[in-house]
Amino acid sequence: MTPRPADPRRVAYVMSRFPKISETFILYEMEMVAASGTRVELYPMLRERTSVMHPEAEAWVRRAHFQPFVSPAIVRDNLAMLRRDPRAYVGALWALVAGTWGSVNFLVGGLGIFPKVVRAARHMLDDDIDHVHCHFASHPALAGFLIQRLTGIPFSFTAHGSDLHVDRHMLPQKVAEAAFVVAISEDNRRVILDECRGKIPDPSHKVHVVHCGVDTSVFVPSARSGAGPASEDRPLELLCVGTVHEVKGQVHLLEATRRLLARGVPVRTTFIGDGPDEADLRAAATARTDDGLAEHVVFLGRRPRPEVAAAVAAADVVVAPSVPTAGGKREGIPVVLMEAMAGGVPVVASRLSGIPELVTDGESGVLVPPGDVDALVEALASLATDPERRRRRGAAGRQQVVAEFDQRTNADRLVELIDAAARS
């Protein structure tokens with residue numbers, strides 16, 4: 001990776017929650033940025049209460065700057081920052097209200113986090129933080145915006161998926177004041193530029209595509225890659241990893257599993273992850289007793305990365321049947337697809353958002369229309385009977401991830417952007 005000077009750059013990371021097990025892209029990006037020699041400090045907006053976390057997250061949790069919404073220390077720091085620069089303090093608060101007016105979520109959430117953001121800003125001044133990088137264009141980017149207004153410390157943010165597509169209040173202001181903006185796909189970059197067009201000077205020079213990545217030394221091809229055709233003794237092993245939520249489309253994979261079994265295709269589907277729709281998905285798997293579906297579906301709940309890597313290695317196909325929701329949520333590029341492709345496992349995914357930038361249909365995987373269960377069934381059935389096709393798709397996927405979605409390479413790119421922003 002890029003060598004760092006003796007006096008390392010000091011970067012503060014801001015995100016919504018930590019340690020959120022589904023947000024491996026943040027955890028392992030921080031790991032790679034820190035490995036480059038950058039000193040990384042962690043400022044989560046909320047502490048995620050969980051008994052299961054990735055092993056690497058434990059050290060970060062111990063050193064993270066978690067803050068309550070209000071405390072005597074927060075009150076003292078707010079008064080201190082107000083005395084330090086009344087114009088900056090009042091101006092930041094006014095910019096928050098004016099920019100989020102019309103969005104209950106952003107306005108109420110922004111006012112709720114403002115006191116703790118002020119305390120974080122004072123800590124960052126004391127820690128000589130050089131740069132603030134925020135993950136998600138929503139409240140974390142708002143926090144970066146406020147910190148910059150309060151302290152002058154430059155900030156940047158990464159925009160992922162639903163944080164762009166559900167509510168874009170204040171996005172142009174955040175882009176205008178950011179040192180740079182990272183879009184995880186060309187699709188996201190287009191959304192950002194379209195939203196900013198005519199509202200701020202052309203920001204195309206500061207909006208960069210830096211893909212999320214995976215550790216291609218952890219996710220590697222296994223002996224199972226390209227194994228024989230599905231049979232009663234060896235069913236087609238399907239794997240779906242992610243928060244159990246409408247946007248992930250797990251219900252469509254469940255129905256596809258039912259239809260595959262009805263067609264006589266031996267299949268077993270494993271779901272890893274938990275979430276708001278988990279109870280409904282489990283109930284749907286056992287709702288009928290005449291189709292035997294429950295015997296062919298496994299729910300593992302949330303699992304740390306070593307277990308996810310093992311599950312990927314044991315899968316024949318990894319499926320990401322993502323769909324846009326009625327509320328506007330949609331995926332960016334699911335990291336599990338990168339993990340599967342790095343492991344030489346063929347993928348079937350929805351043709352949605354930035355997914356086609358990762359999966360080349362017919363070469364490194366199969367793309368289907370979002371929510372089209374018939375197309376999903378046909379794609380999976382064709383792979384079930386053709387192990388050589390699975391092998392080719394998996395090998396092509398591995399090549400694509402190594403070339404464009406390697407975690408170390410993309411973290412280096414982010415460090416370069418941070419350094420360039422500091423120099424300018």
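**Notebook: sheet, helices and single residues**

I began with the sheet: six strands form an open sheet in the order β2-β1-β3-β4-β5-β6, with parallel pairing. I looked at its edges next. β2 (39–47) and β6 (207–209) stand there with a single partner strand each, so one side of each has no neighbour in the sheet. On average, neighbouring strands are turned by 20° against each other, direction ignored. My terms: strands (E, at least two residues) and helices (H or I, at least four residues) are DSSP runs, numbered from the N terminus. Two strands pair if DSSP finds at least two bridges between them. Axes are lines fitted to C-alpha atoms, for helices over the stretch in contact, and angles run from 0 to 180 degrees between N-to-C directions.

I noted that this is a predicted model: local features need pLDDT of at least 70, side-chain atom pairs count only at pLDDT 80 or more, and totals for chains, interfaces and linings use all residues. Residues are numbered from 1 along each chain as its sequence is written, and side-chain values use heavy atoms, with hydrogens and water left out.

I picked β4 (residues 155–159) and β5 (residues 180–183). They pair in the parallel sense over four bridges. Alanine 159 stands opposite alanine 183 in β5.

**From β1 to α1**

I followed the chain out of β1 (10–18). A cis peptide bond joins phenylalanine 18 and proline 19, with omega about 0°. Proline 19 lies in the loop between β1 and α1. Isoleucine 21 lies in that loop between β1 and α1 too. Is isoleucine 21 buried or exposed? Isoleucine 21 is buried, with a relative accessible area of 13%. (Buried means under 20% relative accessible area, exposed over 50%, partly exposed in between, with a 1.4 Å probe and protein chains only.) Leaving aside neighbours within four places in sequence, isoleucine 21 is in contact with Val52, Met53, His54, Arg302, Arg303 and Pro304. (Contact means heavy atoms within 4.5 Å.) Helix α1 (residues 24–35) then lies across β1, β2 and β3 (131–135), running at about 170° to β1.

I turned to α13 (residues 335–342) and α16 (residues 387–404). They pack at an angle of about 115°, with their axes 7 Å apart. That makes α13 roughly perpendicular to α16. (Under 35 degrees counts as roughly parallel, over 145 as roughly antiparallel, 65 to 115 as roughly perpendicular, the rest as oblique.) Which residues meet? Met338, Met341 and Ala342 in α13 meet Gly394, Gly397, Arg398, Gln400 and Val401 in α16. By class, this contact of α13 with α16 has four nonpolar, three polar and one charged residues. (Ala, Val, Leu, Ile, Met, Phe, Trp, Tyr, Cys and Pro count as nonpolar, Asp, Glu, Lys and Arg as charged, and the others, Gly among them, as polar.)

**Single residues**

I looked up alanine 256 in helix α10 (residues 250–262). Alanine 256 counts as buried, at 0% relative accessibility. Leaving aside neighbours within four places in sequence, alanine 256 is in contact with Val373, Leu376 and Val377.

Glutamate 278 lies in helix α11 (residues 278–286). At 18% relative accessibility, glutamate 278 counts as buried.

I ended with two positive phi angles. Aspartate 128 has a phi of about 55° although it is not a glycine. I found aspartate 128 in the loop between α5 (104–126) and β3. Methionine 170, also not a glycine, has a positive phi of about 75°. Methionine 170 sits in the loop between α7 (162–165) and α8 (171–177) and counts as buried at 4% relative accessibility.
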